[in-house]
Amino acid sequence: MDDQNKNLILATALSFVVILVWFVMFPPPEPAPIDPSLPELVGDGTTPTAVPMDTSTQPVASPANGATTEASQDTSSAPRIEIATTRLSGSISLIGGRIDDLKLNDYRETLEKNSPIVSLLSPSGQPNAYYALYGWAPGAGLTQDQVPGANTEWTLEQGAILSQDAPIMLAWDNGAGLIFRRSISLDDNFMFSVEQSVENVGAGTVSLAPYGILARHGEPQDLKNFFILHEGLVAMADGELTEADYGDISDFAFIPREGARAEVTQVEQEGWIGFTDHYWMATLVPAPGTSFKSVAKYDERRDIYQTEAVMQTQTVASGQSVATASQLFAGAKEWATIREYQNSGDVVGFLDSIDWGWFFFLTKPMFALLHYLNSIIGNMGWSIIALTIAIKIIVFPLAYKSYASMAKMKELQPQMEKLKEAASDDRQKMQQSMMELYKKEKVNPASGCLPILIQIPIFFSLYKVIFVTLELRHAPWLGWIRDLSAPDPSSILNLFGLFPFATPSPDSLLFIVSLGILPILLGISMWVQQKLNPAPTDATQAMIFAWMPWVFMFMLGSFASGLVLYWITNNVITFTQQYLIMRSHGYKPDVFGNITSSFKRKSGSDGN
């Protein structure tokens, strides 16, 4: 077996390993057992206290200093204030002032025309409730019922409909000398601004701490549980990013003061905390430069996940008022929008809320270039092709050296055969003679596999970009490719739509044989690329190389069509580069002859 074929087989094996790993999916974690004897925790202002309560939909207690976040009340039918902007629609419940009904107007669940608009937040009492609420935790001089919480009945003091040009003001008088107000405004995209204020018209001095909470009842229904994608907690604390999936959150240590399994981080200057889904996110964002307590917790009895941003305690003397401002991001993880919030809105590290993965140093610039190309071209499919060309230009110097070395190896083939004959069965002598020949001719036999090895991190990074980023979701290319983030929908089983019957869905095990046009073109492009070189003389090698394109064709058939498009484009460019470089070094690949000879060998073996 010559060294060049060894290198090719090694590179192929490494490629197989990488692709096979991508097929591995982690099973969803087992739900935590519910302990019926676990008490409900509410606060007295200092330490959580256990009292028996039967509130199966209630989040965990004590966002700060024992303040409860009771959510036992069904708020789906409570009085509401409409949210109506260009990009968002929904409503705010006057029970607790919760932002708990939110839809993303620009996004639909599927490609069908009548598909429902994506719903991000939903009220308590509905399946998979998910909402944001704000309040004050009582300190010195106050009890729990004297501060607004999850079930406080607010009144609308100002405004009628929340839109990008019309904020609203909520008010609540506790009847004991404190008047609480909450101003909520909304920008042109997905950022709510929430200002909480309290006016002390009583006689004494009080202390209290404002907080914001995101509560999620159970895991999301559409949880992917795919190893390449992070879903769950995402938080930034003074430049340090934290990610934890739902299984990790449920394994947090129990902290009595928080009344739940929790993880607490003290943020000094800059931070945010929330939950991220595949394409959507909700995040609490305190004002820049604000010190706050960042908390992620899980109530295992009620199966509720919760994140909290608890600001510093405020002391309000008689006749005084205080206010604190924060923001809530609730929307789509659009790269340009999130970058704008990071660069112009001072939300430090907000782009890291998109899951760039271990190869972030490749995925970040790769997507930035893809986004820029798409802004010029206006089509993600052609932008992927343009990105592939740009990548090939960048790595061309390495590829040139590799292909030049491969061409030189072809020139040395006759001399290598003579050395093998001279060495006979003495492998050590043969290897020594080969090394001397390589040194004399200044050839590196290992460089032949370099282009394939370079492709592995690039392929993985582009796969990550296509799978994770929202911009590829439902992005069309041409004709039948309407979603570059999904597999090719055409199928050879019905002759690509000529026969009027359905084919296996991507969720079916039979989908692997339901090859579309792009996977078939991928297999053909790999097969033609092999024909730059004659088939190996070794029967085992010849069999491996003969099957490799078609194995890849079936393996990648269920991958995102955008990724398959990249691979086809890469194969075509690689073939062209290799052919021209070999020709420039005096070696003329007999592509047509190698193709015809492969058919002749097959016909001959069939005849025998």
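Is Ile512 buried, exposed or partly exposed? At 43% relative accessibility, Ile512 counts as partly exposed, because that value falls between the 20% and 50% cut-offs. Keep in mind that this is a predicted model. Here's a quick tour, starting with the whole protein and then moving to a few spots.

**The big picture**

- The protein has 608 residues, and 53% of them count as buried.
- Its secondary structure comes to 13 helices and 22 strands.
- Take the contacts between residues at least 6 apart in sequence: 66% of them join residues at least 24 apart.
- The accessible surface comes to about 27,200 Å², and carbon and sulfur atoms account for 58% of that.

**Ile512 and its patch**

- Ile512 sits in the loop between helix H9 (450-468) and helix H10 (517-530).
- Together with Ile492, Leu493, Leu495, Leu498, Val513 and Phe554, Ile512 makes a nonpolar surface patch of about 600 Å².

**Ile481, in that loop too**

- Ile481 also lies in the loop between H9 and H10.
- With 1% relative accessibility, Ile481 counts as buried, since buried means under 20%.
- Setting aside neighbours within four places in sequence, Ile481 is in contact with Pro476, Asp488, Pro489, Leu518 and Ser561.
- Ile481 and Gly381 are 100 residues apart in sequence, and their C-alpha atoms are 9.0 Å apart in space.

**The nine-stranded sheet**

- There's an open sheet of 9 strands with antiparallel pairing, and its order is E8-E9-E10-E11-E22-E18-E17-E13-E14.
- Strand E8 (155-158) and strand E14 (240-245) stand at the edges with a single partner strand each, so one side of each has no neighbour in the sheet.
- From one strand to the next, the twist averages 20°.
- At the E14 end, strand E13 (residues 232-237) pairs with E14 in the antiparallel sense over 6 bridges.
- Met236 stands opposite Leu241 in E14.

**Strand E20, covered on both faces**

- Strand E20 (residues 304-311) is mostly covered, with 8 of its 8 residues buried.
- In a regular strand, side chains alternate between the two faces of the sheet.
- On one side of E20 are Ile304, Gln306, Glu308 and Val310, on the other Tyr305, Thr307, Ala309 and Met311, and all are buried.
- Strand E12 (residues 206-217) runs antiparallel to E20, and 7 bridges join the two.
- Ala215 has Gln306 as its bridge partner in E20.
- Strand E19 (residues 292-299) also pairs with E20 in the antiparallel sense, over 8 bridges.
- Ser294 stands opposite Ala309 in E20.
- The hairpin of E19 and E20 has 4 residues between the strands, and there Asp303 takes a positive phi near 55°.

- Gln314 is found in strand E21 (residues 314-316).
- Its relative accessibility is 25%, so Gln314 counts as partly exposed.
- Leaving out residues up to four places away in sequence, Gln314 touches Trp136, Val206, Ser207, Leu208, Pro210 and Val322.
- Gln314 and Ser207 are 107 residues apart in sequence, yet 5.5 Å apart in space, C-alpha to C-alpha.

Key. Residues are numbered from 1 along each chain as its sequence is written. This is a predicted model: local features need pLDDT of at least 70, side-chain atom pairs count only at pLDDT 80 or more; totals for chains, interfaces and linings use all residues. Side-chain values use heavy atoms; hydrogens and water are left out. Patches are made of residues with over 30% relative accessible area and no salt bridge: like charges are joined within 9 Å, nonpolar side chains (Val, Leu, Ile, Met, Phe, Trp, Tyr) within 5 Å. Accessible areas come from the Shrake-Rupley method with a 1.4 Å probe; for residues, only the protein chains shown count as cover. A salt bridge is a side-chain nitrogen of Lys or Arg within 4 Å of a carboxyl oxygen of Asp or Glu. Buried means under 20% relative accessible area, exposed over 50%, partly exposed in between (1.4 Å probe, protein chains only). Two strands pair if DSSP finds at least two bridges between them. Axes are lines fitted to C-alpha atoms, for helices over the stretch in contact, and angles run from 0 to 180 degrees between N-to-C directions. Contact means heavy atoms within 4.5 Å.
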